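Dear colleague,

Please find below the structure that I am handing over to you. A summary of what was found follows it.

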Amino acid sequence: MLELLRLKEESQKKLRELVGAEGARKAARNPHAKRRPRPCGVTVHPGFGCPNRCLYCYVEDMVSGRVRANAQPVPCSLTGLEMAFALASNPYFLPGGMGTFIALGAVCDPLHPTLLEKTLDYLAAFRRHLGNPTQFSTKMHVDPYTAGCIADANESVSPLVTVVTLSLAGRLEPGAPTPWERLDGIRNLREAGLKPMLFLRPLIPGVSDEEVDDLLTEAKGAGAVGVVVGALRVSQPILRRLERAGVDTTEIRRRLGRPVGSRLITVASPELKSEALSIAREKGLIPFASACCANAYTSGVPCAGLCWLTGFCTKCPNRCWEKLPEVDEGEVREALRLLLHVDPVEVDVEEWVIRIRVPRGVKAPDLQRCRVLMRVATRRDVIFTR
């Protein structure tokens with residue numbers, strides 16, 4: 001933990017020198033320098049906008065004004081070095097192999113031709129100057145040359161290639177490459193020495209679940225190492241888009257059990273997810289219930305999302321709980337002095353949990369930031385009391 005905090009300080013200093021005063025100011029103003037990590041890690045956007053026009057996409061629901069749906073993506077203004085500095089400066093971020101996970105995508109496809117050069121720049125900068133486990137998700141066709149460029153930029157990156165349906169892709173994802181092109185991309189990524197995973201997200205009740213067996217067979221044949229399965233999230237606009245395209249949403253609405261408004265709601269489908277993971281095992285694919293687990297497996301480190309504690313662990317070969325770093329009370333106390341400038345009243349280090357009682361007066365936002373950093377650094381849950 002103390003080593004990671006020192007590495008953060010050293011990375012900031014080194015990158016500040018590399019980007020210069022103007023680059024540092026530019027990076028510090030960027031949202032990536034402040035963004036809190038999600039369960040999959042800190043999300044990095046090489047660009048904004050996506051022309052794939054996937055009917056189930058929730059980007060429109062999450063972002064208003066800044067990202068136009070179906071637009072050609074606009075590359076982020078930061079260079080790779082500036083983005084690395086922005087992350088190193090982020091108060092919620094820790095660099096290094098045991099640091100914060102990085103996930104490229106979310107509001108764009110990072111391998112879209114318009115963004116590919118930017119993405120490669122980011123991947124190379126993260127490898128050289130940060131060293132964090134890094135992942136991307138894509139629907140693009142990855143040709144052999146591009147696969148080689150990705151491997152050259154970051155040989156330990158975790159690629160997720162999204163395919164959710166074979167028969168209805170033209171209707172549900174009208175602007176995206178065909179599933180067969182994406183499966184060919186899996187083959188090319190594997191031949192480049194990477195560990196591509198099928199990204200079966202979202203699992204659409206009544207649609208993709210009918211094709212799970214075929215999907216996993218094709219992915220295994222293409223060279224996928226594993227599969228990440230995730231649930232569908234919908235809003236009323238998403239449901240309307242699906243219905244206008246002729247998709248029967250009866251099963252989706254039944255699972256929701258209540259009217260849907262403009263807010264995103266996760267469609268409960270635990271048995272469908274469980275079945276997909278079970279079929280994956282039968283076919284020799286490593287099953288993952290979350291993207292961070294695939295990233296952890298690829299990098300060979302314990303999952304930063306603590307999935308073995310939160311119920312998402314599928315007992316993959318990584319066996320995260322056997323790789324936890326040693327933590328002692330003295331290290332925790334020293335870290336708290338560095339992060340909060342206080343001496344804790346009490347510290348109890350358990351196998352998977354660290355309980356800390358702090359003096360009254362420590363502000364809640366400071367405790368939240370400290371908890372995010374300490375969970376990643378120790379790979380344990382951290383519970384503060386006063």
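A strand here is a DSSP run of E with at least two residues, and strands are numbered from the N terminus. On that basis arginine 233 belongs to strand β9, which covers residues 233-234. Please bear in mind throughout that the model is predicted.

Leaving aside residues up to four places away in sequence, arginine 233 touches Arg38, Tyr56, Tyr58, Ile238, Leu264, Ile265 and Thr266. Alanine 268 is 35 residues from arginine 233 in sequence, and the two C-alpha atoms are 9.1 Å apart. Another charge over a ring is found at lysine 315, whose charged end sits 5.8 Å from the centre of the ring of tryptophan 321.

Histidine 45 is located in the loop that runs between β1 (42-44) and β2 (47-48). With a relative accessible area of 7%, histidine 45 falls under the 20% limit and is therefore buried. Its side chain reaches the backbone oxygen of glycine 105 at 3.0 Å. Not counting residues up to four places away in sequence, the contacts of histidine 45 are His32, Arg35, Cys76, Met83, Gly105, Ala106, Val107 and Tyr122.

As to aromatic pairs, the search of the whole structure returned two. In the pair of phenylalanine 288 and tyrosine 297, the ring centres are 5.9 Å apart and the planes stand at 50°, so this pair is tilted. Phenylalanine 288 and tyrosine 297 are both buried.

Turning to the nonpolar cores, the largest comprises 64 residues, and Ile102, Phe126, Leu130 and Ile150 have the most contacts inside it. Helix α4 (residues 116-129) supplies the largest share of this core, namely seven residues.

With kind regards

Terms used: Residues are numbered from 1 along each chain as its sequence is written. This is a predicted model: local features need pLDDT of at least 70, side-chain atom pairs count only at pLDDT 80 or more; totals for chains, interfaces and linings use all residues. Side-chain values use heavy atoms; hydrogens and water are left out. Helices (H or I, at least four residues) and strands (E, at least two) are DSSP runs, numbered from the N terminus. Buried means under 20% relative accessible area, exposed over 50%, partly exposed in between (1.4 Å probe, protein chains only). A polar contact is a pair of N or O atoms within 3.5 Å; within protein, one must be able to donate a hydrogen and the other to accept it, and residues adjacent in sequence count only if both atoms are side-chain atoms. Contact means heavy atoms within 4.5 Å. Rings of Phe, Tyr and Trp (its six-membered ring) pair if their centres lie within 6.5 Å; planes under 30 degrees apart count as stacked, over 60 as edge-to-face and the rest as tilted. A charge sits over a ring if NZ of Lys or CZ of Arg is within 6 Å of the ring centre and within 35 degrees of the ring normal. A nonpolar core is a set of buried Ala, Val, Leu, Ile, Met, Phe, Trp, Tyr and Cys residues joined through side-chain atoms within 4.5 Å.
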